[in-house]
Amino acid sequence: MSLKLSSSSSVKRKGEILFLYAFSVLVALVLSALIVEAVGANWSDVSNALLDGSFRKPGRWGRTLGSAVPLAMVAVGTIISTKVGLINIGQEGQMLVGAAFAAYMGAHTPGPGPLVIFIVIISGFVGGAFWSGLAGALRYWRNVPEVLTTLLLVTVAANFVGYGLKNTWLLLDPDAAVGNRTQVSQQLDPDSRLPRIDIFGNNFSISVIISLLLIALTFWLLSQTIVGFRLDVVGQNQKVGRRFGISEVRQGFAAMCASGGFAGLAGALMLASGDFAKFRLVPGFTVNLGWTGLLVALVAREKVLAVIPVALIFAGLRTGSSFLAATGVERRVTDVVQGLLVLALLVPPAVLFIRDRRRKLAQVESRT
Amino acid sequence: MGFLEAIWDVMSTESAYTAATRFAAVLVFAAVGEWVAERSGTLNISVEAMILAGAFAGAMGYDWTENVMVGILLGMGAGLIVSFVQAQMSHRLTADQFVVGLTLNILFLGVTSFLYAQWKPSSRVASKLEIPLLSDIPLIGKALFGQAWPFLLLYLLIPFAWWLVYRTRWGLEVRAVGENPQAADVSGIDVNKRRRESIYFAGICSGMGGAYLLLGQVGRFDDGIVAGRGFIALVAVIFGGWTLRGTIFGCLLFGSVLSFRLTLPGLGYELNTELMSSLPFLVTIVAMAAFAHKVRPPGSLARPFVRGLK
């Protein structure tokens, strides 16, 4: 049957896919425009402000890059856990725990700057991996669904880090603790921060380069090596995996840890690059980047390289939103645009799935 | 010693009960709906968005008409809208239900905070209604029969949900769909239709809960008003082992824990607010780990149904 699938039908199929995606994005944009018009603002003003704020105005795309880094790291981690068929939706918490580990180590590690940077970033990974590892352990040890535990641990993480930021023996900066009741961690030493690069007035930290390298590495590991193959086998069919001697538990647990680790790494990079909160940990440090990074992964659909453009678009919406004040539209409108876009992008694959099934069923019926 | 005394102090204070049921009520509204959805096989995490939408619509309704009833009706409508998107995306288009739910949570956080900043609806807590005689019962009278009047809707909703699920054909089909969708399909039940309908029910209940949260408890809208209550309601269903009784017990338990943050300092006890806030989540995780083998979830919970695919 598959032999009859001629090239013309595959062209037709590609056209269909393209049309579906274009159409659903269009619907999302029209809906966003309607919401903006409904509150009496002008959509073209809003979209211009977003474009200005995200890359057209001088110095803006550097900032967009800075926001794209944590998004991309979270998304890459999410793809790893999706690969083995686990659903990790607690990146927001894993990120925060990673940032907390990083902040603690940054404040308490003596030694030369570069070494401290290295330790800060690694401990971010460890922190995130620990937090998602809890969910992974419960999944394989007690059969507790990881969807729920990862989600529940987000709030727990926020509360625990909040507790840490109230106590000097954990995270609270001793200098800040004396006078007022602000909750901030100790600032990273100037020589243990990630160096920044300046191109045409666009200033960004080398976390951009680190994350690009990590994306390339993950892409290679997942698509070209036995590591990725094992994850794939477990995700596709555990019976086959067992025949090959691939342990579902070991692969799944490792993927879960890696997934949270990347989220924690995102938190550590945020801390060390200083784009957010000036090299300090504060309550609500992750500013929903964990959730947004999860959305990036959903849109990129298990394709590691697709993470880069999607993360850039979502980061652009974020940085662009700071230019919205002039148009009189609340900046939260970008959350709406973003949510609608993601929702719209969920539709085409689902529609295609149903259509393919119908066609196959029709084929089967015509044969009998 | 000090600990037992503290427990006794709380147990013998009327306001502690009142605060506990006030906190629990929102959870019960949402959890009853969520329970039906989970019995049909959907782990509906957009319940957070449904409560938020309900709360915002409640604020808008009150702002326009100064009428609490209108607020609650609009809240139910808003919850229904969210559930419509969730149901159509996950049980007609077969998109992943967690993905859809999560996206809806983020989308509606954006929509409500955006619209709130634009329209700034003003609202206040509905008037209290004390049922004579019943509200005079010592300790728990005020807690159960002396709350803001939308609280009383619970006394209609809970028996209704019980009747719906255990005493109607629809309820039987919903339970069948959640346990064994293949068998239900073969016997002529439209599996995904029943699932969609039970998500609508969850949306209406959660929207009502959102409106209650706004008009019966908090009084003013802000975008952090729900603060994870949807997730706690979802967790209460699991904690209650997918029975109505257990679900309500879970809500009461978590509601009291949440309310202790407010009542204990009033009684002169210092406590760790962070630990108290995370307690419902920690308790649930521990409970799930401890009882995961004893309590049986609906057979096809969180598994999508596509005919011919197992």
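Modeller: Leaving aside residues up to four places away in sequence, Gly62(A) touches Asn202(A), Asn203(A) and Phe204(A); two residues are in contact if their C-beta atoms, placed from the backbone, lie within 7 Å. This is a predicted model, in which local features need pLDDT of at least 70 and side-chain atom pairs count only at pLDDT 80 or more, while totals for chains, interfaces and linings use all residues. Residues are numbered from 1 along each chain as its sequence is written, and chains are lettered from A and ligands numbered from 1 in the order in which they are written.

Gly62(A) belongs to helix α3 of chain A, residues 60-83. Helices (H or I, at least four residues) and strands (E, at least two) are DSSP runs, numbered from the N terminus. Gly62(A) counts as buried because 22 C-beta neighbours lie inside 10 Å. The rule is that a residue is buried if 20 or more other C-beta atoms lie within 10 Å of its own, exposed if 12 or fewer, and partly exposed in between, with C-beta atoms placed from the backbone. Along the sequence, Gly62(A) and Gly201(A) are separated by 139 residues, yet their C-alpha atoms are 8.2 Å apart in space.

Strand β1 of chain A (residues 196-199) and strand β2 of chain A (residues 202-205) pair in the antiparallel sense, over four bridges; two strands pair if DSSP finds at least two bridges between them. Phe204(A), which Gly62(A) touches, is the bridge partner of Ile197(A). Two residues lie between the strands of this hairpin, and Phe200(A) there takes a positive phi near 50°. Most residues other than glycine have a negative phi, and most peptide bonds are trans.

Positive phi values also occur in chain B. Thr94(B), which is not a glycine, has a positive phi of about 55° and is placed in the loop between α4 and α5 (97-119) of chain B. With 19 C-beta neighbours inside 10 Å, Thr94(B) is partly exposed. Lys120(B), in the loop between α5 and α6 (141-145) of chain B, has a positive phi near 45°. Lys120(B) counts as exposed because it has 10 C-beta neighbours inside 10 Å.

A buried residue of chain B is Ile72(B), which has 26 other C-beta atoms within 10 Å and lies in helix α4 of chain B, residues 68-91. Beyond its neighbours within four places in sequence, Ile72(B) is in contact with Gly58(B), Pro150(B), Met208(B), Ala211(B) and Leu215(B).

We may now turn to the whole of chain A. Chain A is divided into domain 1 (11-41 + 329-368) and domain 2 (68-327), with bounds that come from an automatic or database domain assignment. The C-alpha centres of domain 1 and domain 2 of chain A are 29 Å apart. Their contact takes nine residues from domain 1 of chain A and 11 residues from domain 2 of chain A.

The two chains also meet. This contact involves 37 residues of chain A and 32 residues of chain B. On the side of chain A that touches chain B, α6 (146-164), α12 (289-300) and α14 (333-367) of chain A each give two or more residues, and α14(A) supplies the largest share, 13 residues. By class, this side of chain A has 27 nonpolar, six polar and four charged residues. Here Ala, Val, Leu, Ile, Met, Phe, Trp, Tyr, Cys and Pro count as nonpolar, Asp, Glu, Lys and Arg as charged, and the others, Gly among them, as polar.

The largest nonpolar core has 210 residues, and among those with the most contacts inside it are Val296(A) and Leu27(B). Such a core is a set of buried Ala, Val, Leu, Ile, Met, Phe, Trp, Tyr and Cys residues joined through C-beta atoms within 7 Å. Helix α2 of chain B (residues 14-39) gives the most to this core, 17 residues.

Chain A averages a pLDDT of 87, and 96% of its residues score at least 70; pLDDT is the predictor's confidence in each residue, from 0 to 100. Over residues 1-6 of chain A the pLDDT is below 50. For chain B the mean pLDDT is 87, and 97% of the residues reach 70 or more. The predictor gives the complex an ipTM of 0.85 and a pTM of 0.88.
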